[in-house]
Amino acid sequence: MRRGGNEAELGARRGSYPIAGVTGTLLQMFRRFAILFCLILLGFNIYKGSDGELSKGLIAAAVILGLVGLRAAWGWTSARLGVRVCHIHTGGLVVTGLFGQVKHVVPWDRLAVLKHMSNLTPLLTFHRFDLVRTDAKPVAILVLKAKPEFVPALKRATELAGMRSEE
């Protein structure tokens, strides 16, 4: 699965940025949908105001806080363990997998085109980068933020390497 060289050959590290997979994208969409559903349920409970609505409202608020807390805990844990990270180096980039193992090493000289696509809707927010390589299959990188630090860092690194990007 690892093609293109090793991490030591890529030079100094410029930065490390969290990325995601398809599962992370689906979980993001589920989490946002569940929070929206609980907020609507909480609004109806406040509007209706009958007996027993307090317990339903507390359950909806607990679900919202739990989902937000799980997201924060996963972000903290994944950053500490180096899970799903893209390391940008002076000579290329390294993509790690779910357990911190190196999945892809992409030197800049083997990169033909960088394609960028983004979706910024309330239920699903991501930036997808397809790194089209000359000697191997393309590598897809998914970032789940509206304005991640990764986007300008990758664009700057590819411009310094002389690559072109397609929007």
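Q: Which residue takes a positive phi of about 85 degrees just after H3?
A: This is a predicted model, in which local features need pLDDT of at least 70 and side-chain atom pairs count only at pLDDT 80 or more, while totals for chains, interfaces and linings use all residues. Residues are numbered from 1 along each chain as its sequence is written, and side-chain values use heavy atoms, with hydrogens and water left out. Helices (DSSP runs of H or I, at least four residues) and strands (runs of E, at least two) are numbered from the N terminus. The residue with this positive phi, placed just after H3, is Gly-162.

Q: Which residues of H3 are buried?
A: Buried means under 20% relative accessible area, exposed means over 50%, and partly exposed lies in between (1.4 Å probe, protein chains only). By this criterion, the buried residues of H3 are Phe-150, Val-151, Ala-153, Leu-154, Lys-155, Ala-157 and Thr-158.

Q: What distance separates the centres of domain 1 and domain 2?
A: The protein chain is divided into domain 1 (11-21 + 82-161) and domain 2 (26-79), with bounds from an automatic or database domain assignment. Their contact takes nine residues from domain 1 and seven residues from domain 2. Taken over C-alpha atoms, the centres are separated by 32 Å.

Q: How much space lies in the largest pocket?
A: On a 1 Å grid over the protein atoms alone, a pocket is an open set of points where a 1.4 Å probe fits, with protein on both sides within 12 Å along at least five of seven lines; lining residues have an atom within 4 Å of a point. The lining of the largest pocket has 33 residues, with Ala-20, Gly-24, Arg-71, Trp-74 and Leu-144 nearest its centre, and both domain 1 and domain 2 supply at least three residues. Grid points are joined across faces, edges and corners, and a volume is the space filled by probe spheres set on the points. The space in this pocket is about 870 Å³.

Q: Which element supplies the largest share of the lining of the second largest pocket?
A: About 290 Å³ of space lies in this pocket. Of its 15 lining residues, Ala-20, Gly-21, Arg-84, Ala-140 and Ile-141 are the closest to its centre. Strand E3 (92-96), strand E4 (102-107) and E7 each supply at least two residues. The largest share, four residues, comes from E7.

Q: Why does Pro-107 count as buried?
A: Pro-107 is placed in strand E4. Pro-107 counts as buried because its relative accessibility is 9%.

Conventions:
Contact means heavy atoms within 4.5 Å.
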